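Please keep the sequence and the structure in view while reading.

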Amino acid sequence: MKISLIIPVYNFGKNLSTKIEHLKEFHSSFPHDLEILFIDDGSTDDTRDILKSVSLPFKHIRSDENQGKGAAVKRGVEEARGDYIFFTDADLPYDLSVMHSAIEKLKSGHDVVLGSRELPDSKSSCSRNMDRKLGSRIFSKIANIILLEKIEDTQCGFKGFKRNIAKDIFPSVSTHGFAFDVEVIYLAQKADSKIYLVPVHLIEDADSSVHFIRDSIKMTWQLFRLFVLLRRQQVFEFLRYICIGVFNTALNIAIFNALMWTTGINQGPYIILFSLIAFIIVITQAFFTNALWVFKKKEHIKQTNYKKFFVISGSIALINLSIIHLIVNVISAPAGFNPQLWANFAVM
């Protein structure tokens, strides 16, 4: 069984040699065939020179320009040959012994393993910056509200995948910044992957370049862009639905006023009839417009759906007509107030 560990690196020269020695020790005691892929994300310090000197089980892959963690991990997955593929951060913030339990979970039938600092069994041997801790939690909460099924710690830098799942998911990843982890989890959930959360032991938290106050706007913007990208169909449907709603309102008022203008009637029982005629015309065209243009589902144009649509719409119509009757015929227009304007007020 072969395992791949992907480590994205950017301008990490000052501590990289120490981390490489730590990885050598881990590799020597690891019970499986382990390849470690350093993905240099366009570093401009001595990171490149240090990585040039590494040999098996290490593999060095370099990008000519800095593209972000997401692009680096994606490249690593392309190159990985392991049956199980993991990635973690360059500063090795988590005790790598977590890989043992993660592998067991993947072997037992799970498709994806996510490290989580929020689990009761997770530990920390260092203090976390409060700004970053708060930022990570808020970011994860928002991601859960708008995109994900419940994953309390989306930003934990330890994740593992079965080979086939990783190879399927990562080619579709388009986000390279803060929202990268969220997109990966979203794609895994969308593919109905069996996900397991594992506790992690945080041992290092000093060298991260992420600062919540500085990057909060960028994090929010990237998450919003990701939402629009992943849910663009729903977003476009919503915008089309709003357009049809505005059009239907205008059409209803236009028909209602046309009937009052042509008949010269602006109160009494005929007002209810005018409102009903306008409602029937508008709601009929709305049924077909929504099916064909808003949601683009021609199969919804069938008798059963049409009946359900009119039962619900008819119930709403009764409420609307009752309100119009109350305002126009029971309360009636105040003295000096144009009755036609008052009827329009009732319709609105």
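## Basis of the description

Helices (H or I, at least four residues) and strands (E, at least two) are DSSP runs, and they are numbered from the N terminus. The model is predicted, so that local features need pLDDT of at least 70 and side-chain atom pairs count only at pLDDT 80 or more, while totals for chains, interfaces and linings use all residues. Residues are numbered from 1 along each chain as its sequence is written, and side-chain values use heavy atoms, with hydrogens and water left out.

## Helix α9

Helix α9 comprises residues 232-263. The expected span of a helix is 1.5 Å times one less than its number of residues. For the 32 residues of α9 this gives 46 Å, which agrees with the distance of 46 Å between its end C-alpha atoms. After α9 comes G264, whose phi is positive, near 75°.

A residue is called buried under 20% relative accessible area, exposed over 50%, and partly exposed in between (1.4 Å probe, protein chains only). Which residues of α9 are buried? They are E237, R240, I244, N248, N252, I255, F256, N257 and M260. The cover over these buried residues includes α10 (269-294) and α12.

Axes are lines fitted to C-alpha atoms, for helices over the stretch in contact, and angles between N-to-C directions run from 0 to 180 degrees. The axes of α9 and α10 come within 9 Å and cross at roughly 155°. Angles under 35 degrees count as roughly parallel, over 145 as roughly antiparallel, 65 to 115 as roughly perpendicular and the rest as oblique. The helices α9 and α10 are therefore roughly antiparallel to each other. A crossing is left-handed if the near helix is turned anticlockwise from the far one by less than a right angle, and right-handed if clockwise; α9 passes α10 in a right-handed crossing. By class, the contact of α9 with α10 has 19 nonpolar, seven polar and two charged residues. Here Ala, Val, Leu, Ile, Met, Phe, Trp, Tyr, Cys and Pro count as nonpolar, Asp, Glu, Lys and Arg as charged, and the others, Gly among them, as polar.

Helix α12 consists of residues 339-347, and its axis comes within 11 Å of the axis of α9, with a crossing angle of roughly 150°. This angle makes α9 roughly antiparallel to α12. The crossing of α9 past α12 is right-handed. Contact means heavy atoms within 4.5 Å. On the α9 side, N252, I253, F256, N257 and M260 meet Q340, A343, N344 and V347 of α12. The residues of this contact divide into five nonpolar, four polar and no charged.

V77 has its place in helix α3 (residues 69-79). Its relative accessible area is 3%, so V77 is buried. Leaving aside neighbours within four places in sequence, V77 is in contact with I6, I85, A166, K167 and F170. The C-alpha atoms of V77 and R132 are separated by 27 Å, and the two residues are 55 residues apart along the chain.

S313 lies in helix α11 (residues 303-331) and counts as buried at 7% relative accessibility. Not counting residues up to four places away in sequence, S313 touches F279 and I283. M1, in the segment before β1 (2-9), counts as partly exposed at 41% relative accessibility. With residues up to four places away in sequence again not counted, M1 touches H32, D33, D83, Y84, I103 and K107. M1 and G42 are 41 residues apart in sequence and 31 Å apart in space, C-alpha to C-alpha.

## Backbone features in loops

Where does P57 lie? P57 is in the loop between α2 (47-52) and β3 (58-63), and the peptide bond from L56 to P57 is cis, with omega near 10°.

L92 lies in the loop between β4 (84-88) and α4 (98-107). Its phi is near 45°, a positive value in a residue other than glycine. Is L92 buried or exposed? At 4% relative accessibility, L92 counts as buried. D192, in the loop between α7 (180-190) and β8 (195-199), has a positive phi of about 60° although it is not a glycine. D192 is exposed, with a relative accessible area of 67%.
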